[in-house]
Each structure stands twice: as structure tokens, then as C-alpha cells.
Amino acid sequence: MRRVSCCALVIAMAGNAFADDPGEPAVPPPQPPPPGFVTLDHMDATTHGGVEFSYLVPNGSDGASETIMRFEAHAEYVDHDSGIGGYVQMPISYFSESGDSSTGIGDLEIGGLYLRDFSQYGVTVVGHGGVSIPTASASEVAHFANYAASVSRIADVYLSLPQSTAVRLGLSPIWRSGRVFARVDLGLDLDAGAGDNRRYDTALRADLGVGVIVDQISVTAEMTNAYDYTQSSTAQTMPAPSGSSWIDTAALAVRFRWGHVEPYAAVVAPLESDSHAIMNLAITAGIDAR
């Protein structure tokens, strides 16, 4: 019996020695996905859905009384075993000036995504691609309402395009280390349809966001940038961008985590003349269920 006990003790000690072998570096456990951003792409590593509202403070340089609002619904599903998922999103806008008003229906976007985790670096890479269904309003004023409202969310300006199908591709590395997280969006939007003379040039998007988590609250600083789409032939009720150029906005956002529900709010500011021609700033509020 003593020999059996001694052998068992030796085996246990040897096992502990191999387990503590410094030559075998331990792979850090994956961290929880970071919170979402407000003005960057919705597609990330979580299954979620939500609604969002933006109120734009217009640059009413002509003294007219104007109101611009944007509403949006979005949803995403991710199968973490395969890394494959899908998403859907659609905006609606409202514009009024001096008693005249119009409601614009945006394009419905449907797409798929694929994610890869690189937990040793704290990085998840999300590749996504979608097609916008030409559901957007085609009238002059409704189209302008869609475009003007989309300045509060440059990432989805292509969903304001009427009677056309757009192909939207993106790649989003997402990083987290403890309480700090960051994201980069690289995107390419192509106007593939020709059902209307109001068309956008190919748009290149480069967005960046950084954030910090404090208990159940996260704070993010965000910048969205799109390049090269031309002035549309909408009614010139308000100024619109002319020619190929960058259009840029910045945002400061706060998000609360309450169980599986995340209400959030952001202030969005224009960074150059084209976005400032539409708005002085925008207030965005929404809620996600994850």
C-alpha cells in the first residue's frame, strides 16, 4: 500500500511540474466582445438588433425653419461556431422647411459577414458585404431628405440612393485589451444600378473609433470619412456637396449596459464644409439588444 501511495504522489507531482512548465505559454482566454460604436458600421462579433434616431441641427444659413431627422432599424445574427452571419438594416428620414415636409424611405440593405478571432492578439476581424435593395424614395424632396439625414451617419450614405442597387463591402478589425477597445472600418461602396440619373460615384470609407469601459458604461470617440461621391440632382433646398471630395464627421458617444440591453447616445459634429453645409451638429440616440 505504501508503494502505491508513493507512486501516486510522484505521478501527481510530475503532472503539476509539466502543467507549470514555463516553456508552454498559456493562451489567454478570449475577452468578451467590446461594446459597439454609434457612427461606425453596425456589423461586429455579436448577435444584436436595435433602433436608432438622429436629430440634425441644420445649417439654416438662409434663415428658413428646417427640421431633419433620421430613423433606423438594424439587426445582425452571428453563428460563432462557423463565424458566419448575416445582417439587415434600413433607414427612414424626415425633412421639413417652412411648413412643407417629406418622409423618405431609404434602401433596405441585406448582407452577410464572416468573422475570425485572433484571441492571442485580442483582435476579431469582421468581413462583411451587402446589397442595397432599391426601396428608397425617388421624388426629389424625399431623396434630398434621405441624403441630408444620412450626413449624421456617413457610413450608410449609400442607403439614400433612389432606384438603384449598391454593392457594399467592408473589413473591420476590432481590438480589445482590458477596458480599452478600438475599431477600424475600411469600406468600398459601388453604385451598381442605373435606374435614375441621380447616382453616386464609388465611395471609399475609412472610419476609426476608440473607447474605454468603466463598469457598465463605455465612452467612445469616433471619426467617419467617405471619399468621392458627386452632387446629386436633388432640389437645392439646402446646400449639397459638389464634386469629388472627402466628407467627414466626428462623434463622442456614451453607451450603458443594462443586462442584454444597451441604450446609447452621441453628439455628431461636421469636420469640413460639405457636412457642415447640411448640419451644425446631430444628436443620435438608440438602443441595442445583445
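Trp-175, Val-180, Val-212, Val-214, Ile-217, Val-219, Leu-252 and Phe-256 form a nonpolar surface patch of about 640 Å². Patch residues have over 30% relative accessible area and no salt bridge, and nonpolar side chains (Val, Leu, Ile, Met, Phe, Trp, Tyr) are joined within 5 Å. A salt bridge here is a side-chain nitrogen of Lys or Arg within 4 Å of a carboxyl oxygen of Asp or Glu. Areas are Shrake-Rupley with a 1.4 Å probe.

A word on the source. This is a predicted model, where local features need pLDDT of at least 70, side-chain atom pairs count only at pLDDT 80 or more, and totals for chains, interfaces and linings use all residues. Numbering runs from 1 along each chain as its sequence is written, and side-chain values use heavy atoms, with hydrogens and water left out.

Which strands each supply at least two residues of the nonpolar patch? Strands S9 (203–214), S10 (217–227) and S11 (246–256) do. Strands are DSSP E runs of at least two residues; helices are H or I runs of at least four. Val-214 sits in S9. Is Val-214 buried, exposed or partly exposed? Partly exposed, because its relative accessible area is 48%. The cut-offs: buried is under 20%, exposed is over 50%, partly exposed is in between.

Now inside. Of the 290 residues, 46% are buried. The largest nonpolar core has 21 residues. A core is a set of buried Ala, Val, Leu, Ile, Met, Phe, Trp, Tyr and Cys residues joined through side-chain atoms within 4.5 Å. H2 gives the largest share, five residues. Val-151 is among the residues with the most contacts inside the core. Leaving aside neighbours within four places in sequence, Val-151 touches Thr-249, Ser-275, Ile-278 and Met-279. Contact means heavy atoms within 4.5 Å. A second, separate core has eight residues, including Ala-45 and Leu-113.

Last, the rings. There are four aromatic pairs. Rings of Phe, Tyr and Trp (its six-membered ring) pair with centres within 6.5 Å; planes under 30 degrees apart are stacked, over 60 edge-to-face, the rest tilted. Phe-37 and Phe-181 have ring centres 5.5 Å apart and planes at 55 degrees, so they are tilted. They lie 144 residues apart in the chain. Phe-37 is buried at 7%, and Phe-181 is buried at 0%.

Key
Patches are made of residues with over 30% relative accessible area and no salt bridge: like charges are joined within 9 Å, nonpolar side chains (Val, Leu, Ile, Met, Phe, Trp, Tyr) within 5 Å. Buried means under 20% relative accessible area, exposed over 50%, partly exposed in between (1.4 Å probe, protein chains only).
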